[in-house]
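Hi,

Here's the structure I promised to pass along.

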Amino acid sequence: MKKNILLCDANFCVLPILEAIKKREYDVSVVGRNMNDPAHAIADHSVNLDYADVALLRQHISRNQYEGIVPGCNDRSYISLAYVAEKFNFQGFDSYDTVLTIHRKDKFRIFAEKHQYQVPKAVHCIEQAKMLCFPILIKPVDSFSGKGINKATNQEELRAFWTEAQKYSKTGSVIAEEFIDGQLYSHSAFIKNKKIVVDFFVNEYCTVYPYQVNSSNIAMLLPEQIQQGLREWTEQFAQDLNLCDGLIHTQFISDNKRFYLIEIARRCPGDLYSQLIQKSTGVNYSELYMMPFCGLKLPKKIEKKAQKYISRHTVSADKECVFISSNVDLECKNIQNIQLKYSGEKMKAAPFDKSGIYFIEYNSAEEMARLTENLKDHIKIETLDILCH
């Protein structure tokens with residue numbers, strides 16, 4: 001008898017996760033309200049359902065008696081399923097209170113300050129912002145992909161950006177934190193019994209929209225003491241919150257002398273981050289991600305099978321337009337284009353849309369390091385300007 005598994009999201013980003021689940025020969029259903037999303041056509045069963053409606057999602061899961069529920073690549077999918085998981089005792093999830101502590105920026109900052117983690121100084125109401133030094137980042141507490149984030153350099157901008165950020169939060173909640181100079185990185189670690197079994201460090205660059213990553217590669221030059229510091233913090237964090245087995249994904253900023261934690265998540269990052277890891281190291285990131293949710297135990301140790309020099313670039317525009325085409329003006333070892341827009345389709349400005357994702361393989365680590373940060377200048381996107389209605 002096949003296990004009946006639910007994957008919560010049908011967006012293109014979940015296709016590697018869907019593939020990993022189907023390779024186990026499970027019976028897979030997907031839920032999502034956009035029936036044009038590709039996983040609807042590939043899964044064994046497709047359900048038109050808005051998973052942000054937790055009551056409706058809970059009702060559907062209760063009726064269908066799933067044996068595992070797997071989140072997709074966004075916070076809404078993860079948080080909705082975490083709520084249901086606690087009600088029905090599904091595997092792979094921490095308590096709902098712990099999930100909110102991790103995924104809501106205001107709750108995480110409070111917890112981080114209590115445990116003396118290295119985080120930027122932050123406040124949670126506009127009246128307290130005078131305690132911070134400019135420049136100050138203003139963020140909705142529950143948005144992702146950089147939506148609603150702005151950098152204020154004076155009191156007038158702070159008030160305007162605070163009001164704007166409230167529009168991007170379902171609860172109208174905002175956090176302000178001191179801006180930290182340094183390079184942005186991510187650290188993806190899979191833990192078993194609160195110990196790391198494999199991890200990955202990635203350089204991340206935001207070159208079109210200031211707070212949305214659009215270029216990335218496996219980090220080759222991050223100092224060992226920073227890597228070790230992140231590993232020690234990750235395992236301490238798992239102890240502090242009594243985390244279950246699975247992924248801990250951390251964004252941090254470093255000046256190569258110390259690091260500051262920015263955001264933490266336990267859901268799979270989007271924009272085919274999993275494929276960047278798999279293509280670069282040979283480790284099936286999506287398989288490791290889905291295992292705890294399906295009742296499968298992570299291995300005690302995972303070896304990286306390859307070291308390839310690969311960048312990932314998400315193609316976006318800084319204004320609304322009609323997408324025509326894109327191409328790369330580099331001579332590289334291998335170039336793969338994951339096309340998401342047809343020629344003639346409207347495309348929203350970043351961070352709300354993208355035309356596709358490139359994976360570019362280089363001949364050396366030096367070439368990868370030199371080109372990744374500037375990929376925006378080497379990937380040409382042809383568009384037509386349109387009037388906004």
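Predicted model: local features only at pLDDT ≥ 70, side-chain atom pairs only at ≥ 80, totals over all residues.

About how many helical turns separate Glu366 and Arg370 in helix 11? About one, because the two are four residues apart in that helix (residues 365-372).

Residues are numbered from 1 along each chain as its sequence is written, and side-chain values use heavy atoms, leaving out hydrogens and water.

The structure has 20 salt bridges. One of them joins Asp50 and Arg33 (3.5 Å, N to O). Asp50 sits in the loop between strand 3 and helix 3, and Arg33 in the loop between strand 2 and helix 2, so the pair ties together parts 17 residues apart in sequence. (Helices are DSSP runs of H or I, at least four residues, and strands are runs of E, at least two, numbered from the N terminus.) Arg33 is exposed at 64% relative accessible area, and Asp50 partly exposed at 28%. Cut-offs: buried is under 20%, exposed over 50%, partly exposed in between, using a 1.4 Å probe and protein chains only.

There's also a network of salt bridges linking Arg109, Lys139 and Glu177.

As for the histidine, His249 is in strand 12 (residues 246-254) and is buried at 9%.

Cheers

Methods: Salt bridge = Lys/Arg side-chain N within 4 Å of Asp/Glu carboxyl O.
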